[in-house]
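Hello,

Here is the structure I promised to pass on to you.

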Amino acid sequence: MTQRVLGTLPTFLGIATLVFLAVRVLSGDPASVLAAQAGGSSALLNQLRTQYGLDKPLSTQYLAYLSDIARLDLGRSIFTGQSVAAMIAQQAPATLALATTAIVLAVALGLVLGILAAMHQGTWIDRVCMGIAVLGVSVPIALSGLLLILAFSLALRWLPATGQGTPLHLVLPATAMGLASSGSIARVVRTQLLEVLDKDYIRVARAKGLSEIQVLIRHALRTTLPTLLNLVGLQFGFMLGGAVITESVFARQGLGRTLVEAILYYDYPVIQGTVLVSAAIYTGINLIVDLAHCYFDPTVCER
Amino acid sequence: MRHTLRIMAVGICLLLVAGACRAATGQGRLVYGLTLSPSSIDPHVGASSELGIPLTSVYDPLVWLTLEGEFVPGLAERWQISQDGTSYTFYLRQDVTFHDGTPFNADAVCVNLDRIANPETRSAKARSLLGPYDACEVADEYTARVTFTSPYAPFLSAASQVYLAMASPTALAKWGDEYQFHQVGTGPFTFKEYTPNDQITLERNPDYQWAPSFFARQGPPSLNEIEFRFFVDAATRSPALESGQVQVMGEIPPADAARLDADPDFQLITVPVPGLSLQMYLNTERAPTDDIRVRQALLYAADRQEIVDVVFMGYSPPAYGPLTRVTWGYTDSVESMYPFDPDRARALLDEAGWVDSNGDGIRERDGQRLALQTILSSWGFVPEVGQVLKQQYEQVGIELDMQVIAAYPALVQTAAEGNYHLIPFTLSSSDPSILDSTFYSSNVEGGFNWSKVRDPELDHLLDLGIQAQDAVERARIYAQIQERIMEEALILPIRDYVNLNGASSSVEGLRFDAQGWFPWLYGVEVK
Amino acid sequence: MAKSPPVRSYPIPTRKHPPYRPIPILPRRRAWYQMPDAIAGLVLLGLVLCLAALGPVLTGCDPNTIHAETRLQGPTSQYWLGTDQFGRDVMCRTFYGGRVSLPVGLLAVVTALLPGLWLGLIAGYQGGWVDALVVRVTDIMLAFPSILLALLIIAWLGAGVQNAMIAVGLAAMPRYIRVVRANTARLERAWFVRAARIVGCTDTRILIRHILPNVLPAIIALAALDIGWAILSGAALSFLGLGAQPPMAEWGAMIDQGRGFLRQAPWIVLVPGAMMTITVLAVNLMGDGLRDALDPRIR
C-alpha cells in the first residue's frame, strides 16, 4: 500500500518534467506578449524576461522549478498577478463538483443500460439500450449542452442554464457530461456481464433459487467491478481536463477553462500549477480505484 | 423504499424552491451578461473593453464625453488648456469622496496618472491614452496640472475614458498588485466582489451626489445591485437572456438579433462603436502584397455589401476606410475610392503580371501561384468573413490560404513574425488619434502597425493630428490621413463595428456612452 | 502446493516441425447468417461510405460556393436537406464532410490502437523493467490533461486535420495500453499459454495465436466507440483553431459552426450529426459482430 503511494512520486516527477518541457516547447513567449500589449519596447521585453527568469539556461530554470514545487510554491500568474494556488483553489471546487456528479450520473445510466442490454441480449431491448449508449457518445457536448439549455432552461424554465452556486446549477452540465461518458460504461458493463453470465458459478446461484436480479447484483456485478472501476478512474481523468467545453457552454468556473485559457495566453505558471493539481487529483482517484480493485479481486494485488 | 422516495421528493422540491428564490431578481437588481473573461480588470493595466463595462459605473472620469461630442464637467469642474497644448489644468470638485472615505483631490489625480505612466504597472491601453505624458503637478489641493512633452489634443477624450480612472490612492497603496480585486472609485456603484470566470458584483453607492449634468437623475442610482456574469459561448447568450437569467446581454450574435428585435418582451439596442473599422492589414513588406496594384486589386474585388449581408445580417454597415462612420473626424470621401469592381481588379492583376496560365482559376507569375496567407482571428466573426472573401477573390483569380488563430497572444505573435499577407485587427476609440497605433512607423516593431508601413508623410500628418488644437484643422488633417491610407491601399476595411445588445423590456433608461461599449448603468431602472 | 514461480524460458530450443498449423487470425466460429447485427452494421457503414465517396460524384454538387440569396433555407427541391448560413448545400457538405471525417476518425483510432496493442502486449507478456517502464509512461500520459498533450503533439507536427487526428489518437493510446496490458498479464499465467510454451511455440506465436484473440474483444468494444469520439475531439480542437480550417466541410466543424443557428435552421447541425451517429452505430454493430466471432466464450 505504501509502496503504491510511493510509486506515484516518480510519476509526479515525470509529469512535472513533461509539463515544464511542454510549456517551453509550445512556441510562445509570455514576455513578448506582455511586452507587445504594453508598448513593445525591447527594453521592456528584456526586463520582463529577467523578471520571470526566462533568460536563464533551461537547466537552471528546471531546478528552480523543481525546488518551487517541492516547497509547494506554484508561483503567480503572469497575466493576472494572482497566486496560482489561490486561483486553483477558487476554480477547482466547481470542476470537482461537476466531474463527481457527472461520473455518478454516467455510472448510474451506464449500469442501467448495460444490465438491461446484457439480460435481454439479442432482443430489441438490447438494441435500444446500445442505441442510446451510442447516441450519448456521438453527440458533442457543445451540442447536447445547448439542446439541454434550450429545452430545460428556456422552454420549460425548470433549471438555470449557466453559472454555479446551487446544486440546481449542476444538473444540466452534469447531465451533458454524464450522457457522453455513459456510453462506454454501458458497453463495457454489457460485455463483461455477457462473458460472466454463463459461467458455472452463476448457474449455481440460479440453481440455488436466487432471482435473476439477485444473481446479477451479488455475483455477476462483482466480477465486472474491477474493469468498471478502472474505466471510471479513466473517465474521471478525462473529465477533469476535458470539462472545458462544458464549462464554456454553461458559463461555469473550472480548471478546464483555466488550463485552456492559460495555454492560449502562454501563462506558464498557471499551466504548470493546473496540470500538477489535476494530476494529483487524478492519481488520488486512481489510488482509490486500485485499492477498491484489490478489495474485490485480491489476486491482482499480489503481482 | 417508499420512505426514501418520499424524502427524495421533498428534497427535490426544496432544491427547486431554493433555486427559484436565488434566481429571482427583484426590483433594483440587474444581471448583466458579459462575454469574455479578461485577464486583468484593473483599468490602468488591462486592455480589454470587457472590463470597462462594469467599471464605468465604479469610477467617474475627470470629464464626460456626451453622445453629442461635447466635453462636460465630471470630477473636474472646469479646465484650461494652455496655448501650446502641452499643459492641461483641471479645477476639481471639492465635495467628492472615494467609496472608502478618502477625499478626492489633486493628489489623487496625480497618484493615478503617475501609476499609469509607471512602466512597472505594465499598463496596456491606459498608457497609450496618456500619449506624450510628462508629469502631473499638484498646483493646490484641488487643482491638478498635467503636462506633456509635446502638444496632445486627444487628452480630454482620453480623460473621459474608464482606463484613466480615478482610483483611491489609499486602496492603491494598500492592495498593490491585488488592486483589481478590491477596486475603489468615486462612481455611483461600489465594487463589491470579483471572482474570475464567475462574476463581478457592484452595489449602490448611497453617497453619490456628483452626477454629470446630462443625466436627468441626480443623487444615488436607482439600482441596488448589479451582477455581471461571463458568457463565453455565443450560442448561449440569447437563451440566457430569453430565459430571464440575465436582463441585459452584450454581443448578441446577428443570428439571434432579429428575433429579439421582433419580440415585445425584449429590446435590441444597437450601438455603433467609434474607432477603427474591422480591417485586414495588407503586409506591404512581403510579396506579392508589397505591390500596390495587388493591394488595390484586393480592395476592388471585395464585395463588402455581400459580406455584411451574409455574415452580419445587415446589422453592420460596410466599411470603406480605416475609421468607422461614427468616429469623430471620419471623412466620407473614402467611400467612393474603391467601389466593388471585379473587372478593375482583374485589369490591375493583369498589369502586375499575374495571369492564369494553366487554367485552374488561380493566377500565377514566374511559376508562383497568387496564394495569399490569410490569418483569421477566431473571434469577431472573422472566419465567416474570410470564407466569403475567399470565394470573392477566387472570382478574380486570387487564392486565400486561411489559418484561424485561437487567441489574442498568438495573433500578436504571428503579426510579429510577419508570415502573413492579410491579418485582421480592430481597436475602438472615440478619438481618431487611434490611427497612430496602427499606422505610425515606430509601431512596426512591437506595435500594431501590421501593414508594416513606414511612410514619413503619413507620420508627419499623424503628428500634426495630435498636436493641432483647432477642431476644424484636426478634422482636415485626419481626412487627409484617411485618404492617404486608402490611396496606398494599406488595409482592406470590412465593416463598422456595431455592438448588438439585448435587454429585457423591463430595463429602462439603458444608454451606452460615446465609446460605444460601455453602458451608463447609473440611469437604469428595472420595472 | 506452493505457488511455483513464473517460468519464463525453457531449455528446449524451438524449431519449426510438422504438424505446424498456420495462424488463423480470424477463426470463424459463426456463419455470416448467424450475425444479423454485424451484417446490419456492415450495410449501414457501407451506405455511409458510399454516400461520402459517390454522393458528390453522382449529384455533381458544390460544397463551398456561397450563395447569399439562398441562406438558411429548409429542405427544398433544389437543396434536399436545406442550406446553411452561407447558402451552401447541407447535403453536399455532409457528403464531402464524410470524405474528411471518416478517414481521419479511423486514422485516430488506428493511431491509438496499433501502438497501444503492441506496447500493451509486450509489457504484459514480458513483465520486469519493460512492464514497469510502460506502466510509468502510461500513467504519466493519463494523468496529463489530454488537451495539453494533443496541443504538444500538434505543435510538433503542425496544424491540419490529419495531424490533429494523430494527436487525438496518441492521446488516447494510453487507455488501450492499459487494457491490453492488464488482459495480457492475466492471460500470460493461463494454463493454455504454459501448454503452448511447453510444446515449443515461440513467444511471438503465443502472443498472436493465443493471447491476442482473447485480448481483442475487450478492445474492440472500446475502439468502436472511439471513432465517434475521435471525430468529436477533432471538432473540439477546431475551436482552438487547430484541426480543420474553414471552409473545409467536416462533420465536427459543421456541428460546431451550426450551433449558433440551431433555432432557426436546425438542419445545419442535425444532418451531419445524424450521419455521425449512424457511422458510430454501424461501427459498433460491426465491432460487436467481430468480437462475437473472435471470442471463444460468448455463447
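Let me begin with chains C and A: the count of salt bridges between them is 0, a salt bridge being a side-chain nitrogen of Lys or Arg within 4 Å of a carboxyl oxygen of Asp or Glu. Please keep in mind that this is a predicted model, where local features need pLDDT of at least 70 and side-chain atom pairs count only at pLDDT 80 or more, while totals for chains, interfaces and linings use all residues. Residues are numbered from 1 along each chain as its sequence is written, chains are lettered from A and ligands numbered from 1 in the order in which they are written, and side-chain values use heavy atoms, without hydrogens and water.

In this interface, 45 residues of chain C are in contact (heavy atoms within 4.5 Å) with 51 residues of chain A. On the side of chain C that touches chain A, 25 residues are nonpolar, 4 polar and 16 charged. Here Ala, Val, Leu, Ile, Met, Phe, Trp, Tyr, Cys and Pro count as nonpolar, Asp, Glu, Lys and Arg as charged, and the others, Gly among them, as polar.

Chain B has an open sheet of 4 strands, ordered β4-β5-β7-β6 with antiparallel pairing. Strands are DSSP runs of E, at least two residues long, and helices are runs of H or I of at least four, numbered from the N terminus; two strands pair if DSSP finds at least two bridges between them. At the edges lie β4 (76-81) and β6 (133-140) of chain B, each pairing on one side only. β4(B) and β5 (residues 87-92) of chain B are joined by 5 bridges, and B:Q80 has B:T89 in β5(B) as its bridge partner.

Best wishes
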